[in-house]
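Take a slow walk through this protein model with me.

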Amino acid sequence: MLNTIAQFFMVMSSLFLAVGRPLPRVLPAEREDIAGRQLKLEAAAAFQRHTTLPQTTEGWTAWRQELRERIVRETGMQEDHTLPLDTKETGRIQRQGYSIRNIAFQTRPGVYATANLYMPDGPGPFPAVINMHGHWPGARTGDMVQATAHELASHGYICLNIDAWGAGERTTTPGTAEYHGANLGASLMNAGVTLMGMQLTDNIRGVDLLCSLPQTDKKRIGATGASGGGNQTMWLTAMDERVKAAVPVVSVGTFEAYILNSNCVCELLPSGLTFTEEAGILAMAAPRALKICNAEKDASKSFYPSEMLRSYKAAMPLFQLLKAGDRLQYQLFDTTHGYWPEIRSTMLGWFDQHLKHTGNGDAVPLPNTALLPERQLLTFPALQRDSNVLSTAAWCRQAGSEWRANMLGHDRLDVKEKRAALKAVLKAEQPLQLKKLHTYTPEEGWDRLALETTDGELLPLLHRKPRKRENGYVVLSHSGGKDSIPSDRIDVLLAQGYGLVLADLWGTGEQSSETATKTDGSLPRFHTLSRSALWLGHTLQGKWANDLRLLTGFLRSHYGVKRIILEGYKETGMASLFAAAMESGVHKVVAHNSPVSYQFANRQGVDYFNMAIHVPGILPWGDVSLAAALTGREVELIAPVDMSGNPVGGLPLKFYRDEFQELRKRCRQRGQLIVRTTDNNDNVEK
């Protein structure tokens, strides 16, 4: 009786300590931004490795081909010059000396881009330029983008202005502008492609379109654009040798400078810094003509002239090796970020020299032109868009459905093979190694620990031993850090006698990056950290899963426990599931408000999850149900949702539950799926 009373007061005391006061800190309040420093250090080392380019023409040829193949794989771009363009013209405007055609053309099978084709009067042949826009209002019809096209056409160039993927007339809702990046653009990665790859595919097809015109001189193709359009210019020139001269504007810097700075996911090459730097992409243009234009007053650190010069200087020896040193030039302008008239004058001079073979490359006067209202340039002015002009949301739904059907097309799945493939997709092949355990003075009933890893991470933990060893541990995590874990959940688990570990995973809580958070601004949380990690060959899901794998191994070896439950919320619920799918030592997984599938749901609610949720190539690998089956353990989904945060129940939930059972059988694994459609213990489906 006395033992029972003592246990009662011990539990009540634990509850009071857990609920009555904020959770104690493990690390000092004044701390270093370790996550940010790790990324910056990795990026600096990558710059050093990848700016030494081949020193022989034979070496350059092999290197360029290998680099090109790697970019194709990482971006998911497609290249099919035999695909019919099926150009559809919906309107034409005649101007003095040239006409403008409002068109749509096929870039992927069944997928069409909207564009304007500016055509000089006469039979030609004319040089032609593809003009790509950045993140400007109006997309291809925006003032600077449109002005560039008018000036090129007036100056005797065919010009194609193309709406970038997800912009202009290619948004989710016709006539409604939207940002094509952040969670929306990142959703493409889950389906095995990237926003960069979609743009590359479109732009290569744009060159196909220019080359198909009888008025075009196919040997005189140019490319230009500013900001995001300049970025597209650089990549297109690197990947398509038909582009003979290019002018990327306010867009060239270094990939190292992208890390922890603000950029769009359309400028993201996953794992790019593991095999190249921006100098390498510039060098792929050699020996063709490349004029880099940067602004001295640019506010973006990624495009500072100082960063551009680092890439320019590293690429120049390659141009000189190919006897084309005079074809790589740069010019700085006393302007802010933009495609201003003085830069456009320089662009015309450069194209005149290298595409018309006239002049010496100096700036030429701009012809007098007048801009047109956006409505006159629309391919679908009544907003009755052709169904083949797919938005990001529509394409992701279509591609995701195809990958899921493919996953279920195998009678038997090799567990060892699928686990290895999952580690590769998560970029989690190399598990973390514990270097040292740091212990601090207990506070408010919690043991305070930090696991130092061999790669420099310091993983802070709050620890409470189980009432009985056989009860084991529940490891709780949240992308908002341990302070975001609901206190009532901590109370319940303590009352049930579990040992608890509250973990601040990499980049969260006490490991968060102040620099990354500040850079995110109004963008979804982890936009900067996720994008930076991806450049360096990581995923946040993989880093978090590896943290949890390290932690489970530590609990088993240090405390001698066998029963370990991984429990997470939303994004860390998925990391817990992935860790269990890779690590056999987990007893159970509990995921709160996590997705039942990576299949794209709806445009509305796309920011329900933060940017840490995305895993490039996860749907081509499998899906949530396959990861659950691979655990061979009990998986409990509490209040599951789709990727837009909509509750999943009824027939859709039955579909996913049946899918889990089927995949479990095909993997020949044990395990059970428990679904609680609310946070209460009622309404349980097994």
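Lys323 lies in the loop between helix H9 (305-321) and strand S9 (328-333). Helices here are DSSP runs of H or I with at least four residues, strands are runs of E with at least two, and both are numbered from the N terminus. The phi angle of Lys323 is near 55°, a positive value in a residue other than glycine. With a relative accessibility of 77%, Lys323 counts as exposed; exposed means over 50% relative accessible area, buried means under 20%, and partly exposed is in between (1.4 Å probe, protein chains only).

Before we go on, please note that this is a predicted model, in which local features need pLDDT of at least 70 and side-chain atom pairs count only at pLDDT 80 or more, while totals for chains, interfaces and linings use all residues. Residues are numbered from 1 along each chain as its sequence is written, and side-chain values use heavy atoms, with hydrogens and water left out.

Asp86 also has a positive phi, near 45°, and is not a glycine. Look for Asp86 in the loop between helix H3 (57-75) and strand S1 (88-95). Its relative accessible area is 37%, so Asp86 is partly exposed.

Two other loops hold cis peptide bonds. One joins Gly124 and Pro125, with omega about 0°, and Pro125 sits in the loop between strand S3 (111-120) and strand S4 (126-132). Another runs from Ala286 to Pro287, with omega near 5°; Pro287 belongs to the loop between helix H8 (278-283) and strand S8 (289-295).

Now for the cysteines. A disulfide is a covalent bond between the sulfur atoms of two cysteines. Here the term is used for a pair of cysteine sulfur atoms within 2.5 Å. How many disulfides does the structure hold? There are 0. For Cys266, the nearest cysteine sulfur is that of Cys264, 3.5 Å away, and Cys266 is in no disulfide. Cys266 is buried, with a relative accessible area of 2%. Cys293 is in no disulfide either, and its nearest cysteine sulfur, that of Cys159, is 16 Å away. Cys293 is buried too, at a relative accessible area of 0%.

Let us move on to helix H16 (residues 527-535). Of its 9 residues, 9 are buried, so H16 is largely enclosed by the rest of the structure. Among these buried residues are His527, Arg531 and Trp535. The buried residues of H16 pack against helix H2 (34-50), helix H5 (182-190), helix H15 (514-520) and H17, where contact means heavy atoms within 4.5 Å. After H16 comes Gly537, with a positive phi near 85°.

Our last stop is a pair of helices. The axes of H17 (residues 540-559) and H18 (residues 571-582) come within 8 Å and cross at roughly 60°. These axes are lines fitted to C-alpha atoms, for helices over the stretch in contact, and angles run from 0 to 180 degrees between N-to-C directions. H17 and H18 are therefore oblique to each other: angles under 35 degrees count as roughly parallel, over 145 as roughly antiparallel, 65 to 115 as roughly perpendicular and the rest as oblique. On the H17 side, Gln541, Trp544, Ala545, Leu548 and Arg549 take part in the contact, meeting residues of H18 that include Glu571, Met574 and Phe578.
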